[in-house]
Structures are given as C-alpha cells and as structure tokens.
Amino acid sequence: MSWTANPQRVWLRSVIFQVHLWTGLILGLYVVVMSATGAAIVFRGELGHALTPLKTVVPAGPRKTVEELTVIAQELYPRLTVTDVRVSSDVTAAVEVVLTRSGRRRDRIFDPYTGKDLGDRVPREPRSIEWLVDLHDNLLGGAVGRTINGIGAVFFTMLCLTGAVIWWPGNERWRLSTTVRWNVSWRRFVWDVHSAMGFWLFSVLLMWAVSGVYLAFPEPFNFLVEALQTKFGAGGAAFGSAVLADLADLHFGRFAGTGMKVAWVIFGLVPAALFATGLLMWWTRVVRSRAPGPPPTTKWPAHQCDEDPLAS
C-alpha cells in the first residue's frame, strides 16, 4: 500500500505508532511536569519583580531628573543602552533603570538623590520561583537531574518526530486532521484535538525538545559550532553561537514582549494536553475494552477505524 494514499495499511507505520504510544505513556509524568513548570516560569522576571519589594532610600535634597539618571547609568554601563527609567511617585522609592544589549535585559536600581547604583532590581529570586526553575532545569536533582532531564528531552524529540510520521492520514483525509469538529462524538472530538494540536504546534514542540537537549547536553552543539569555525572561520562560529543563543531564548520565551509571552504560557501547556488526550484515547480504546463487564455503550466511530491506529 502507498504511504501517501493509505498509510494505515503500511506495517512500518504501525511499528512507529507503537513507539510513539509507549514513549508517550512512559514519558507522561515527565511531560506534564516540564509543561507546567515551563509555562509557570515564562514570566519569571515579572514574577520576581512582583514578589520583590523595591528598595527604599532616604530623601536628601532634590531628586535627579530622568535625563541625569540616564547619563549616570550610561556612564556606568557603556556597553549597554538605557531604554527606560522608572521613577516612582513615592519619594522614598529607588529608581529602576532598564538597560539592554542585543535583546538581553538588565534591571538596576539607583538612588534618585545621589545617583548611586544600588544593585540589581531583583538581587535574588524568591524561593518559590527558584524551586520552580530548579524543578524545570534539574528535576531538583542537581547534575544528575539535569542529565535525566536531557535524556527525557531526547525521548521527547523522538515523540515529536514519530507523532509527525503517524499524523499523516492520507491524501484524501489530511485536511480533516488539521481541524477540530464540534458536532461529533466526544471520542472523535478528543482525537481531533490531539491531531490538530500536534499539527499546528509541531514546530514549537520540536523546538522545545531540541533546545531541551541543548540546555542539558551543550557539548555536542558546541562541537558543531567549532566545526563551523574550522570550515568557515570566525563568521561560521558567530553564526552558530547566535543560533544557539536564539534557541535558548526561544525555549524560555525571552525573545518578545508580553503578548508573545502569554502565547508561550498557553503553548507551554500543550504537551500536557497532548498527553492527556492521548492517555484518554488509549485508556478508553484499550484498557476499558479489555476490562470485565459489559462493553462501553459508546464506541469509536466506525469510519475512524481507518484513521485511529488504536482501532486496528
């Protein structure tokens, strides 16, 4: 049978489906933890600001103007660019100065009366945020946890790639697999949600998977950068380093403003949703059908047998 016309009848697809199914079931808890914690720390900086009170100062004479504070900050950090100076109406509050360079941001606070640099706006993140970050990065296990996390990212990459292969339903049905229909049975609806989410967010999911491998195991990626330097010189190394930096920024949602961060929070919950819908399909189709007692009153639609590998 042709893979493009009728992939459900190709034996290799059945093998790949079993790999996808059992990888997803085994990785379930890991995927949910990474999904939830990743979504929670997208606004890591904003949460740190909200949970960390702004330092107070002792009023001593007139406050410096925004222009004067900009000049002071620019002289102290000549490699950065002052993009914002936030002066509070509270005369005892320090002034927050935002500096950026190549898309990276640094927040410092200054005494508005003396112009003295008082340090970072958030000298230390609240422990609740530190705990979430450590859980997401290292599974609370230090270097060993990060290694396990990297292995999980490798298998999540495999989960994305096998999902892409088995998603293809054939030339005549592929458009249906990109949409969610509301006037169908709940089983059909769950299948549509799982399939459509996987299709529309495949590139984002794969990016998270690959960048997760990079953040846990940077050595192979750095080796590629060195190979680019050997072949193309400093330009090749600069290109490779920029790609890796962008990959890390994409992973954590550090590449855009508030609107994109909100989208990143929503998208960050998609892996957990994919696991939930996949688990529900497997449970109702395989586990419940083998349980003793009368069969379930609702069944998967008959036409779905050609689309759902669990039905074959």
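# Pockets, sheet and helix packing

Six elements each supply at least two residues of the lining of the largest pocket: helix H2 (44-51), strand E1 (81-86), strand E2 (95-101), strand E3 (104-110), helix H9 (234-252) and helix H10 (258-268). Helices (H or I, at least four residues) and strands (E, at least two) are DSSP runs, numbered from the N terminus. This is a predicted model, in which local features need pLDDT of at least 70, side-chain atom pairs count only at pLDDT 80 or more, and totals for chains, interfaces and linings use all residues. Residues are numbered from 1 along each chain as its sequence is written, and side-chain values use heavy atoms, with hydrogens and water left out.

**The two pockets**

A pocket is found on a 1 Å grid over the protein atoms alone: it is an open set of points where a 1.4 Å probe fits, with protein on both sides within 12 Å along at least five of seven lines. Lining residues have an atom within 4 Å of a point. Grid points are joined across faces, edges and corners, and a volume is the space filled by probe spheres set on the points.

H2 gives the most to the lining of the largest pocket, with five residues. Nearest the centre of this pocket lie Gly45, Glu46, Arg105, Arg254 and Lys261.

The second largest pocket has a volume of about 720 Å³. Closest to its centre are His20, Gly163, Ile166, His194 and Leu274. Helix H1 (11-40), helix H5 (142-167), helix H6 (186-200), helix H7 (202-216) and helix H11 (270-290) each supply at least two residues of its lining.

For the classes, Ala, Val, Leu, Ile, Met, Phe, Trp, Tyr, Cys and Pro count as nonpolar, Asp, Glu, Lys and Arg as charged, and the others, Gly among them, as polar.

| Pocket | Volume | Lining | Classes in the lining |
|---|---|---|---|
| Largest pocket | about 990 Å³ | 27 residues | six nonpolar, eight polar, 13 charged residues |
| Second largest pocket | about 720 Å³ | 32 residues | 22 nonpolar, eight polar, two charged residues |

**The sheet**

Four strands form an open sheet in the order E1-E2-E3-E4, with antiparallel pairing. Two strands pair if DSSP finds at least two bridges between them. E1 and strand E4 (117-120) are the edge strands, each pairing on one side only. From one strand to the next, the twist averages 30°. Helix H3 (residues 66-76) packs on the sheet and touches E1, E2, E3 and E4. The direction of H3 makes about 140° with that of E1. Contact means heavy atoms within 4.5 Å.

E2 and E3 pair in the antiparallel sense over seven bridges. Leu99 stands opposite Arg106 in E3. The hairpin of E2 and E3 has two residues between the strands, and Ser102 in the turn has a positive phi of about 55°.

Three bridges join E3 to E4, which run antiparallel. Ile109 has Gly119 in E4 as its bridge partner, and Phe110 has Asp117. Six residues lie between the strands in this hairpin, where Gly115 takes a positive phi near 80°.

**H7 against H10**

H7 and H10 pack at an angle of about 85°, with their axes 11 Å apart. Axes are lines fitted to C-alpha atoms, for helices over the stretch in contact, and angles run from 0 to 180 degrees between N-to-C directions. The two helices, H7 and H10, are therefore roughly perpendicular (65 to 115 degrees) to each other. Val204, Met207 and Trp208 in H7 meet Trp264, Phe267 and Gly268 in H10. By class, this contact of H7 with H10 has five nonpolar, one polar and no charged residues.

Key. Angles under 35 degrees count as roughly parallel, over 145 as roughly antiparallel, 65 to 115 as roughly perpendicular and the rest as oblique.
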